[in-house]
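Student: Please take me through this model by question and answer.

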Amino acid sequence: MAAWARQVSRWCCLLNTARAVELTRRLRSRGCPAEACREFAPLAVLPAGKEVVLWRLQACRRVSVGSCSPPDSVKDGSFSSSESNLPSVQQEQAKAETLPDLNAKIVDEDWDDVAPSSALEVISEEEAVQIIAEPLVPIQSSTLRDYVDHSETLEKLVHLGVDLSQVEKRQKAGQLLLTLDFEKDVKKILLFLKDVGVEDNQLGPFLTKNPYILAEDLEALETRVAYLKSKKFGKSEIAQMVSRAPYLLLFSVERLDNRLGFFKNELGLSVKKTKDLVIRLPRLLTGKLEPVKENLQVCQIELGFQRNEIQQIVYKTPKILTASKKRLRQTFDYLHNIMGIPHHMLTRFPQVFNSKLLRIKERHMFLAFLGRAQYDPAQPSYISLDQLVSLPDEVFCTEIAKASMQDFENFLKTL
């Protein structure tokens, strides 16, 4: 409504200006200011409107084609018909060529020239309801959640199952995701991971643990996969390794080759056994080597295992290389010094080092209470270390301890 009012005002200004210019020109050419003023006097009191435009133009034409002297009908005191006062058709056509068409000029006006409405302009409630304000992008935030509605990349990653609350805890990971374009940067990496063998339902957890892979060069990732294939790793084995060790493909070919060489030479394993070792525990290729070296020294120096025994223990139970040194010492001390298990028996059942020490203590003490704590294979009623730690409580009680579950629970209450 405000724009239309301004446009009507412009029309009136244009008409008044044209009328003044035309009047001045006619007065100068005819030399009859009195008659011209009387001819145009009614225009000053008529209301401005679209219907008056043509009447004004006709008045202008009467001044231009008429004489400065009064008409004969006025001198005689009589009035002729309206048709007698109008110029002929030929005269009208001739004069129409010289007079500007104000209507056409106004219609052809560029509406973009209309001055913009003021910010303080009063608008109606209906217009106010139609205004939709877009939410502002946060200048800074401590959580990625505030940017999900503004980022297509974050929105689609959430749909894939990526946990942004975990991603933002990783150094500069949140800033990285905000700079990525889904179609240009993310989509090609997702297709690559699917081609490697990562399942659709694992893409979310994978990217939650390793969002940095989205910024890696695709050609470099393909080169690392090609290297693993050259080392005779099968496609399913590569998929298993990548899924269980998400940072694996961030390592260069040279670093992967050095890691494989380290475990092969340090443990004295064959190529096949080295490959089997890292397939079962692929984080050996991505983790730090210092804890691995320290655990090997603990096994050899403090626990007293021979090199060939360490080789067997590590190959059967790779997790011993990354286990806590304190827990490793405590478990060995109880098994070897309290239960009397020799080194060669621990070498045969190294999985006992993966069990909780409390579980070993409770079951051994219950067997000792029943008089059935026999771990020597040469003696009757022999109980293997595997049976001691791997069986469920119900099976352990009925088949190994030959007692009821209630008896075992009552015994635990006495400890």
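This is a predicted model: local features need pLDDT of at least 70, side-chain atom pairs count only at pLDDT 80 or more; totals for chains, interfaces and linings use all residues.

Tutor: Residues are numbered from 1 along each chain as its sequence is written, and side-chain values use heavy atoms, with hydrogens and water left out.

Student: How many helices and strands are there in the protein?

Tutor: Helices (H or I, at least four residues) and strands (E, at least two) are DSSP runs, numbered from the N terminus. By that assignment the protein has 25 helices and zero strands.

Student: What percentage of the 415 residues is buried?

Tutor: Relative accessible area decides this: buried is under 20%, exposed is over 50%, and partly exposed is in between (1.4 Å probe, protein chains only). Of the 415 residues in the protein, the buried part is 33%.

Student: At what angle do the axes of α14 and α16 cross?

Tutor: Axes are lines fitted to C-alpha atoms, for helices over the stretch in contact, and angles run from 0 to 180 degrees between N-to-C directions. Helix α14 covers residues 218-230, and its axis comes within 10 Å of that of α16, the crossing angle being roughly 30°. Angles under 35 degrees count as roughly parallel, over 145 as roughly antiparallel, 65 to 115 as roughly perpendicular and the rest as oblique. The two helices are therefore roughly parallel, at roughly 30°.

Student: Which residues of α16 make the contact with α14?

Tutor: Contact means heavy atoms within 4.5 Å. On the α14 side the contact is made by T223, R224 and Y227. On the α16 side the residues are V253, L256, D257 and L260.

Student: How far from R259 is the nearest side chain of opposite charge?

Tutor: R259 is found in helix α16, residues 253-267. A salt bridge is a side-chain nitrogen of Lys or Arg within 4 Å of a carboxyl oxygen of Asp or Glu; for charge, Lys and Arg count as positive and Asp and Glu as negative, while His and the chain ends are not counted. R259 is buried yet has no salt bridge, and the nearest side chain of opposite charge, E290, is at 6.8 Å.

Student: Is T331 buried or exposed?

Tutor: T331 is found in helix α20, residues 325-338. Leaving aside neighbours within four places in sequence, T331 touches V352, F353, L357 and I360. Its relative accessibility is 1%, so T331 counts as buried.

Student: Which residue forms a salt bridge with E294?

Tutor: The closest N and O atoms of the pair are 2.8 Å apart. E294 lies in helix α18 (residues 290-302) and its partner in helix α20, so the pair ties together parts 31 residues apart in sequence.

Student: What is the relative accessibility of R363?

Tutor: R363 forms a salt bridge with D393, with 2.7 Å between the closest N and O atoms. R363 lies in helix α22 (residues 357-370) and D393 in helix α24 (residues 393-400), so this pair ties together parts 30 residues apart in sequence. D393 is partly exposed, at 28%, whereas R363 counts as buried, at 1%.

Student: Which residues are linked with E183 in a network of salt bridges?

Tutor: E183 forms a salt bridge with K187, the closest N and O atoms being 3.8 Å apart. The two are four residues apart in helix α12 (residues 182-196), so about one helical turn separates them. The residues linked with E183 in the network are E152, K156 and K187.
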